[in-house]
Amino acid sequence: MAQQREVTLYGKLADPLGAMVRVDGGEREERVSAIRVRVAALEPRLGELLCDPRVRVCIDGTMATDGVLVEAGRSVEFIPVVSGG
Amino acid sequence: MMRTLVSHEQLDIEAELAALTVRSRGAGGVVNFVGLAREECGRVAELALEYHPILTKRSLEEIGTDAENRFAIDAVSIVHRAGIIMPGEPIVFAGAAARHRRDAFLAADYIMDMLKTKAVFWKREHGSAGKHWIEPRDEDHADAARWNKPTFEEGAR
């Protein structure tokens, strides 16, 4: 059964569509890179922002590379360059 | 002893300094830095600071731990605002206590340089020119990089 995956966007990544978006493919295991493509396809400006190689991915408080497999139903977070304090 | 906090409330600088001093029993001095949100000649109406529920606190703890490992300090405190901050309001309190003053000064300086580039916050200025996100400046990166260079004493060995 099709299920969507929750994706949280921080900082300027949240400008186009807000801080929380949902993408298809949540019913199965997928690589971070595939999830990134799904999120980028939601909106052109968001797609541009996600092309920045400095945008990192976080899963349950741990940073993940594009090759990491994400379990079905597990949410991911996209982390842009920080501003610092 | 380390205290780190991300706060949505206005910072009580006197209370933070008093608490750090109490935790610094045996130290010979306490150095603290208070960062304020700049008005930029009326250009900035407010500053919005977003943070991550896990990564932000962890980044403050890592900076504090690095300072403890690098300098002979007895206590450290890093308290940072989040949310909407008005010009002139305190945005950060960074303090270090040490047996000797030099370590306390260096630790506070180090903590601020690391905060400016590594702390997990996203800042957006709201003002007369609209809204825009802030990234660390070249000067901030240069300030952080100077701690990677050998000190005069280390370089002479």
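1. **Confidence.** The model is predicted. It scores ipTM 0.92 and pTM 0.91. Chain B averages a pLDDT of 92, and 95% of its residues score at least 70. Within chain B, the element with the highest mean pLDDT is strand E6 (residues 90-98), at 98. The lowest mean belongs to helix H5 (residues 152-156) of chain B, at 51. Read H5(B) with that value in mind.

2. **Make-up of chain B.** Chain B holds 5 helices and 8 strands. Along the sequence they follow the pattern β-α-β-β-α-β-β-β-α-β-β-α-α.

3. **Burial and contact range in chain B.** Of the 157 residues of chain B, 36% count as buried. Take the contacts in chain B with a separation of 6 or more: 74% of them come from residues 24 or more positions apart.

4. **The sheet of chain B.** Four strands of chain B form an open sheet in the order E1-E4-E6-E2, with mixed pairing. Strand E1 (2-7) and strand E2 (29-36) of chain B are the edges; each has a single partner strand, so one side of each lacks a neighbour in the sheet. Neighbouring strands are turned by 5° against each other on average, direction ignored. E1(B) runs parallel to strand E4 (residues 73-81) of chain B, and 6 bridges join the two. One pairing to check by eye: B:Val6 has B:His80 in E4(B) as its bridge partner.

5. **Helices on the sheet.** Helix H1 (residues 13-23) of chain B lies across E2, E4 and E6 of chain B. H1(B) runs at about 20° to E6(B). H3(B) also lies across E2, E4 and E6 of chain B, but at about 150° to E6(B).

6. **The contact between the chains.** How many residues does each chain bring to the contact? Chain B brings 20 and chain A brings 10. On the side of chain B that touches chain A, helix H3 (101-118), strand E7 (121-127) and strand E8 (130-134) of chain B each supply at least two residues. H3(B) gives the most, with 4 residues. By type, this side of chain B divides into 11 nonpolar, 3 polar and 6 charged residues.

7. **Strand pairing in chain A.** Strand E4 (residues 56-59) of chain A is joined by 3 bridges to strand E7 (residues 76-79) of chain A, and the two run antiparallel. Here A:Cys58 stands opposite A:Glu77. E4(A) is also joined by 3 bridges to strand E5 (residues 62-64) of chain A, again antiparallel. A:Val57 has A:Ala64 in E5(A) as its bridge partner. The hairpin of E4(A) and E5(A) has 2 residues between the strands, and A:Asp60 takes a positive phi near 50° in this hairpin.

8. **A:Ala41.** Where does A:Ala41 lie? It is in the loop between helix H1 (32-40) and helix H2 (44-50) of chain A. A:Ala41 counts as partly exposed because 13 other C-beta atoms lie within 10 Å. A:Ala41 and A:Val23 are 18 residues apart in sequence, and their C-alpha atoms are 9.5 Å apart in space.

How values were computed: Residues numbered from 1 in each chain as written. Chains lettered and ligands numbered in written order. Predicted model: local features only at pLDDT ≥ 70, side-chain atom pairs only at ≥ 80, totals over all residues. pLDDT = per-residue confidence, 0-100. Contact = placed C-beta atoms within 7 Å. Nonpolar A, V, L, I, M, F, W, Y, C, P; charged D, E, K, R; others polar. Buried ≥ 20, exposed ≤ 12 C-beta atoms within 10 Å, placed from the backbone. Pairing = 2+ DSSP bridges. Axes fitted to C-alpha atoms, helices over the stretch in contact; angles between N-to-C directions.
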